[in-house]
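Please open your viewer, keep the selection tool handy, and follow the stops below one by one.

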Amino acid sequence: MEFLAPLMLIGLAGASVPVIIHLIGRRRAPVVRFGAMDFLLGQNKRVARRLRLRELLLLAVRVLAALAIPLALAKPFVSCASRGVIVSRGPQAAVLVLDDSYVMGYRKGGRTLLAEAKYRALRVLEELGPEADVAVVFAAEGSPPVPELTRDHLRLADAIETAPLTARPPETTVALRRAAALLAGSPHAARRVYLFSALTRAGFGGEAPWPPGAGPELHAVPVTDDADLPNLAVTAAAAEKDPDLGPRGVRVRAEITNFGLAKVEDRAATLVIDGRPVARGLVTLGPGEKTEKRFSAALPGEAKTAEVSVELDGDALAIDDRRYLRVELRRDVRVLLVDGDPRTVRHEDELFYLETALRPGDRSDSALSVATTTVDDLPKRHLADFDVVFLCNVRALEREAVADIEAWVRKGGGLIVTMGSNVEADAYAAAMAPILAQELKTPLQLAVGPKGPDSGRAERIGRFEATHPVFSVFSGKAAGLREASFWKIQLLGPTAQGDGRTALARFGNGAPALVERRLGAGRLLLYTSTIDREWNDLPIHPGFLPLVQQIVRYLARAPIEPPEAELVVGRARELPVTPADTRIEVTAPSGKKSTLEKQRLAGRQTVPFGGVDEPGFYHVAAESGDKVRARPAADFVANLDPRASDTRRIDPAELPAGGTGAAPGEAEARRRVELWHGLAAALLLVLLGEALLTRRG
């Protein structure tokens with residue numbers, strides 16, 4: 001035991017004062033024999049013994065009080081072994097970096113790593129002393145801006161105690177870099193960073209936070225001594241149609257990864273659809289392994305969308321044991337191909353290349369339902385059963401058929417007309433003008449054919465509207481289109497400016513190749529060459545398949561959209577806005593509601609929503625007028641960034657150069673434990689006892 005103020009021990013001599021007073025007070029009275037007194041004293045011996053005991057206790061209490069006072073003033077302390085970080089007191093600048101990412105929700109011994117980190121951070125803050133300028137920086141991705149250094153330690157303690165666990169991955173290196181920048185502006189010579197983290201690899205990446213030997217003094221304070229944090233996580237999930245289970249069948253694939261150092265056997269994985277478990281399986285994984293678990297199920301009811309999740313039986317880090325999906329069933333686009341030149345030899349038929357492109361490999365998941373017919377059988381078809389119609393090298397139709405097609409297009413149908421030897425400009429002008437995108441003129445023969453002597457005169461696609469949905473899948477060079485040769489094309493008549501017709505593509509000589517016209521709620525396209533190889537060789541080039549599929553989906557208003565990037569927690573979501581919207585309300589998975597008011601919506605088609613702070617399903621509603629209606633098409637899903645699920649720990653030796661971290665396995669350090677606080681408390685108890693004994697006397 002040592003003392004901060006050893007001179008105060010002189011006061012221990014005062015412990016003799018109560019004893020001296022007690023001895024002086026014991027004077028012997030003269031003894032006088034009296035018979036009656038002998039009788040009374042014999043009756044009160046018990047009372048006398050009790051009084052003597054009280055006096056002895058009172059003497060002992062007063063001696064203890066006299067000893068406790070100088071001992072407390074001398075401030076005794078002891079040194080003991082400690083594996084915690086050594087905290088230096090006095091004037092200095094210090095930054096406490098606290099990891100609040102979701103990996104800190106890992107539970108050990110009934111409490112989370114974040115709770116342990118808070119406890120250790122508060123102890124360090126207390127030991128720094130009132131002369132230290134301190135700041136607190138949080139390490140989760142997207143943490144708020146770094147505050148200034150301050151001596152208001154009560155406010156910092158409150159910030160540490162109330163810090164919530166986030167659902168974001170750690171950016172420890174970024175947090176250390178911010179801490180170093182904050183310390184660089186301090187006038188103190190002593191600059192230290194204290195890191196409270198599980199030291200998992202997820203938070204450390206990229207360049208070091210400061211050059212070797214040039215940064216502040218780094219002390220790593222690990223929140224667990226375990227070298228391994230076993231964790232099994234669902235790190236990815238995707239869904240696709242499963243034709244084997246019918247039109248509502250889906251196949252869900254989930255990637256499950258074992259980040260621990262031990263083998264995991266027979267862990268249960270469950271497929272949940274709209275809150276109901278529908279399938280279950282077991283997974284076994286070795287250390288560091290990953291596997292793909294597949295489920296097949298039919299979506300319930302008649303709804304077009306379903307909320308789907310894959311869930312593992314819980315472990316110490318429960319937040320990454322599930323992955324969410326929003327599965328949407330899309331109906332197939334119904335296409336009718338009208339064959340104007342049917343042949344008995346399959347590859348010579350007018351529709352051979354077109355039908356093959358719309359049924360690539362005869363896949364059942366192409367989302368296109370294709371039917372074929374001839375000109376003679378076209379009146380037997382009910383146009384309302386189709387979204388898109390191809391008229392391929394057909395002769396001029398009867399006026400009644402043209403009127404039916406025109407009415408169908410005006411209601412929203414999509415029609416494309418292609419050229420060929422059966423197309424006569426005069427007959428088309430007389431009968432089919434209402435359903436043509438532009439008037440036809442005389443065909444232009446550019447070359448005899450692909451092997452003729454003048455084949456070098458063949459035309460090629462010169463330019464096209466790259467931003468139009470039909471051509472949006474092509475790059476600027478579009479080699480699969482531009483390399484095709486056209487040796488015969490259909491010339492078109494002149495058009496008046498502003499008549500609603502648009503040339504989407506032109507040949508090198510300026511002649512239109514693909515023309516669009518709007519008709520009512522529908523769309524018309526005119527392709528000025530053949531859909532087979534009679535006038536060109538486009539069908540054998542790579543650009544043919546995506547071109548015709550894009551045409552079909554554009555006419556049907558069902559474009560092939562690229563897969564939407566998975567939304568992770570912490571990213572913003574663009575929400576669609578209509579002119580009538582006065583308020584948009586978003587409900588988070590926990591039930592928390594966020595509102596986007598009218599001033600943020602005015603004049604916009606989309607608005608960013610930045611409150612994606614939880615994994616799960618988000619539901620959107622919009623207020624138009626005085627009613628709030630759900631908007632299921634705008635609902636979305638957010639998942640965890642799987643990087644933080646990697647709970648493998650780094651070696652403290654990998655920390656930035658210059659650090660003096662105290663990590664598991666390091667040599668024991670010595671720390672001071674002050675005892676005078678306990679002595680002061682004991683003194684109060686002694687004085688309370690003395691008062692009670694005196695009052696009783």
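**Starting at glutamate 292**

Select glutamate 292, which is partly exposed with a relative accessible area of 41%. Here, buried means under 20% relative accessible area, exposed means over 50%, and partly exposed lies in between (1.4 Å probe, protein chains only). Before going on, note that this is a predicted model: local features need pLDDT of at least 70, side-chain atom pairs count only at pLDDT 80 or more, and totals for chains, interfaces and linings use all residues. Residues are numbered from 1 along each chain as its sequence is written, and side-chain values use heavy atoms, with hydrogens and water left out.

Glutamate 292 forms a salt bridge with arginine 253, and the closest N and O atoms are 3.6 Å apart. Glutamate 292 lies in strand S13 (residues 290–298) and arginine 253 in strand S10 (residues 249–258), so the pair ties together parts that are 39 residues apart in sequence. A salt bridge here is a side-chain nitrogen of Lys or Arg within 4 Å of a carboxyl oxygen of Asp or Glu; strands (E, at least two residues) and helices (H or I, at least four) are DSSP runs numbered from the N terminus. Arginine 253 is partly exposed, at 25% relative accessible area.

Next, pick arginine 294. Its side chain meets that of glutamate 292 in a salt bridge (2.8 Å, N to O), and arginine 294 is exposed, with a relative accessible area of 56%. How many salt bridges are there by this rule? The count comes to 34. Among them is a network that links Glu141, Arg571, Asp641 and Arg643.

**Along helix H4**

Select residues 113–128 to see helix H4, which has 16 residues. From its first C-alpha to its last it reaches 23 Å, close to the 22 Å expected at 1.5 Å a residue (the expected span is 1.5 Å times one less than the number of residues). Its buried residues include Leu114, Ala117, Ala121 and Leu125. Show what covers the buried residues of H4: strand S3 (92–98), strand S6 (132–138) and helix H5 (153–161) are included. Just after H4, glycine 129 takes a positive phi of about 90 degrees.

Is glutamate 116 buried or exposed? Glutamate 116 is buried, with a relative accessible area of 14%. Its side chain and that of arginine 111 meet in a salt bridge (3.2 Å, N to O), while arginine 111 is partly exposed at 36%.

**Aromatic rings**

The structure holds seven aromatic pairs. Rings of Phe, Tyr and Trp (its six-membered ring) pair if their centres lie within 6.5 Å; planes under 30 degrees apart count as stacked, over 60 as edge-to-face and the rest as tilted. Select phenylalanine 352 and tyrosine 353: their ring centres are 4.9 Å apart and their planes are at 80 degrees, so the pair is edge-to-face. Then move to phenylalanine 471 and phenylalanine 474, with centres 6.4 Å apart and planes at 50 degrees, so this pair is tilted.

**Last stop: confidence**

Colour the model by pLDDT, the predictor's confidence in each residue from 0 to 100. The protein chain averages 86, and 87% of the residues score at least 70. Over residues 659–669, pLDDT stays under 50. Where pLDDT is low, the predicted coordinates should not be read in detail.

Note on methods. Contact = heavy atoms within 4.5 Å.
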